[in-house]
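Hello,

I am handing over a structure for you to look through. Please open it first, then read the notes below.

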Amino acid sequence: MPVGLVVVRCLPTPAMLRAMSTPATPASARILVVEDESAIADTVLYALRSEGYAVEHCALGREALTRHRQAPADLVLLDIGLPDLDGFEVCRSLRSFSAVPVVFLTARNDEIDRVLGLELGADDYVAKPFSPRELVARVRARLRRHRPAEVDTGWREQGEFAIDREGCRIRYRDRLLPLTRYEYSLLAALLQRPGAIFSRAQLMDRAWDSDADSADRTVDTHIKTLRSKLRAAGAEPDPIRTHRGLGYALEP
Ligand code: CA
């Protein structure tokens, strides 16, 4: 068992829960609780709702899969011992169409071993009986960690760069680069595989819609303006390397 796991050997009463819960936060994350034992489900639902989460409950694995397909949750709390599919099967099915964080609710040590041993794509587990406070803390931590991938801001960090391919924008060390359309396309192409050498023809191909006015010189000209803008943004040494006779590469 990993260190730091707090297991409280009793289920708290609603009064204890009320005393423990912090004031509701405007957390809007949706959590799907899959648990067939109603006493445990009630405790979990109460603890999460007290924290301001929007919570849904399913008692069956198949029902949970359908529910998540229809309205994806931000996190799934998944009991292992379910009457129809077991939690492992549910997790495997979920993973075939969703990257949602999954936190297992486990009752037995051998289940914990399986959660840790199998590469099911589970993100965490909480051992039963658990303290609602710990459960909420795990859920909160998991949601926080998952946020960059789940809440899509459009920006992807790549070393010193960040690229928003939908918005056709690139930042360098948090500074938005004032790029023209072709400068953007060139740098975006280089960012696709840092370290890889792209020939001028490949760059033309990726950055220009038509090759009607294509010439190696066109790429060179735009690389030159791109470099000066990167320099203005503090990029020193130049992150774009020229490979003579071959093309350009972005320093990985
Ligand atoms: Ca169960």
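Pro-237 sits in the loop between H9 and E10. Helices (H or I, at least four residues) and strands (E, at least two) are DSSP runs, numbered from the N terminus. The peptide bond that joins Glu-236 to Pro-237 is cis, with omega at about 0 degrees. Pro-129 lies in the loop between E5 and helix H6 (132–150). Most peptide bonds are trans, and most residues other than glycine have a negative phi.

This is a predicted model, so local features need pLDDT of at least 70 and side-chain atom pairs count only at pLDDT 80 or more, while totals for chains, interfaces and linings use all residues. Residues are numbered from 1 along each chain as its sequence is written.

Confidence

pLDDT is the predictor's confidence in each residue, from 0 to 100. The average over the protein is 80, and 79% of the residues score at least 70. Two residues are in contact if their C-beta atoms, placed from the backbone, lie within 7 Å.

The parallel sheet

An open sheet is formed by 5 strands in the order E2-E1-E3-E4-E5, with parallel pairing. Two strands pair if DSSP finds at least two bridges between them. At the edges are strand E2 (54–58) and strand E5 (124–127), each pairing on one side only. From one strand to the next the twist averages 20 degrees. Angles run from 0 to 180 degrees between N-to-C directions, and axes are lines fitted to C-alpha atoms, for helices over the stretch in contact.

Strand E4 (residues 102–106) and E5 run parallel and are joined by 4 bridges. Phe-104 has Tyr-125 in E5 as its bridge partner. Helix H3 (residues 61–70) packs on the sheet, where it touches E1, E2 and strand E3 (75–79), and its direction makes about 165 degrees with that of E1. Helix H4 (residues 87–95) lies across E1, E3 and E4, at about 155 degrees to E3.

How are H3 and H4 placed relative to each other? Their axes come within 10 Å and cross at roughly 20 degrees, which makes H3 roughly parallel to H4. The cut-offs are these: angles under 35 degrees count as roughly parallel, over 145 as roughly antiparallel, 65 to 115 as roughly perpendicular and the rest as oblique. The contact is made by Gly-61, Ala-64, Leu-65 and His-68 of H3 and Glu-89, Val-90, Ser-93 and Leu-94 of H4. By class these residues are 4 nonpolar, 3 polar and 1 charged. Here Ala, Val, Leu, Ile, Met, Phe, Trp, Tyr, Cys and Pro count as nonpolar, Asp, Glu, Lys and Arg as charged, and the others, Gly among them, as polar.

The antiparallel strands

In the open sheet of 4 strands, the order is E6-E7-E8-E9 and the pairing is antiparallel. Strand E6 (155–158) and strand E9 (175–176) are at the edges with a single partner strand each, so one side of each has no neighbour in the sheet. E6 pairs with strand E7 (residues 161–164) over 4 bridges, and Gln-158 stands opposite Phe-161 in E7.

Strand E10 (residues 240–243) and strand E11 (residues 247–250) also pair in the antiparallel sense, over 4 bridges. Thr-242 faces Tyr-248 in E11. The hairpin of E10 and E11 has 3 residues between the strands, and Gly-245 there takes a positive phi near 75 degrees.

The packing of H7

Helix H7 (residues 181–192) and helix H8 (residues 200–207) pack at about 120 degrees, with their axes 9 Å apart. That angle makes H7 oblique to H8. H7 contributes Tyr-182, Ser-185, Leu-186 and Ala-189 to the contact, and H8 contributes Leu-203, Arg-206 and Ala-207. This contact has 5 nonpolar, 1 polar and 1 charged residues.

With helix H9 (residues 216–232), the axis of H7 comes within 9 Å and crosses at roughly 85 degrees, which makes H7 roughly perpendicular to H9. Among the residues of this contact are Tyr-182 and Leu-186 of H7 and Ile-223 and Leu-226 of H9. By class, the contact has 5 nonpolar, 2 polar and 2 charged residues.

Regards
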